[in-house]
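Good morning. I have one structure to go through today, and I will keep it short. Please look at the picture first.

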Amino acid sequence: MAPLAKLEALIYFVEGNHDLYTGVGAIKSYLDKIGVKVLNNQIAQWNELQIIGLNHMLADSSTYNMHADGRTTIQSTLASLNSQIDVIKPTVLLHHSP
């Protein structure tokens with residue numbers, strides 16, 4: 001991942017389904033140190049664009065996926081972020097799910 005530090009571009013990261021097995025905490029810490037924006041169910045602003053980064057999770061409470069923990073869902077997480085989301089701005093949603 002070290003070459004990412006040399007890029008002259010804004011880079012965002014969201015965890016995926018296999019990051020849990022490879023030490024997601026260490027990965028996120030390292031990426032943060034080299035300047036990669038790690039989004040943990042957070043919203044970032046870049047110019048007039050809004051970027052929402054969600055951790056790997058189920059779509060909603062009725063969805064099953066053996067790779068997701070099931071404690072949180074996209075539906076519930078977006079609802080919790082609702083007061084921070086600017087519905088006027090163009091938005092990119094980052095979510096890694098196979």
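A contact here means heavy atoms within 4.5 Å. With that in hand: of the contacts in the protein chain with a separation of 6 or more, 59% are between residues 24 or more positions apart.

Now, where this comes from. This is a predicted model, in which local features need pLDDT of at least 70 and side-chain atom pairs count only at pLDDT 80 or more, while totals for chains, interfaces and linings use all residues. Residues are numbered from 1 along each chain as its sequence is written, and side-chain values use heavy atoms, with hydrogens and water left out.

The overall layout next. The protein chain has two helices and five strands, in the order β-α-β-β-β-α-β from the N terminus on. Helices (H or I, at least four residues) and strands (E, at least two) are DSSP runs, numbered from the N terminus. Of the 98 residues, 33% count as buried. Buried means under 20% relative accessible area, exposed means over 50%, and partly exposed is in between, with a 1.4 Å probe and protein chains only.

Let us take helix 1, residues 24-33. Which of its residues are buried? They are V24, I27, K28 and L31. Seen down the helix axis, these buried residues fall within an arc of 95 degrees, so they line one face of helix 1. The arc is that of the directions from the helix axis to the C-beta atoms. As background, an α-helix has 3.6 residues a turn, so residues three or four places apart point the same way. The cover over the buried residues of helix 1 includes strand 1 and strand 2. On the other side of the helix, A26 and K33 are exposed. After helix 1 comes G35, with a positive phi near 95 degrees.

K28 leads us to N55, which touches K28 as well as E15, L39, N40, N41 and H95, leaving aside residues up to four places away in sequence. N55 sits in the loop between strand 4 and helix 2. Is N55 buried or exposed? N55 is buried, because its relative accessible area is 14%.

Last, K89, in the loop between helix 2 and strand 5. K89 counts as partly exposed, because its relative accessibility is 22%. K89 and Q50 are 39 residues apart along the chain, yet their C-alpha atoms are separated by 6.4 Å. The side chain of K89 also makes a polar contact with the side chain of Q45, at 2.8 Å. A polar contact is a pair of N or O atoms within 3.5 Å; within protein, one must be able to donate a hydrogen and the other to accept it, and residues adjacent in sequence count only if both atoms are side-chain atoms.
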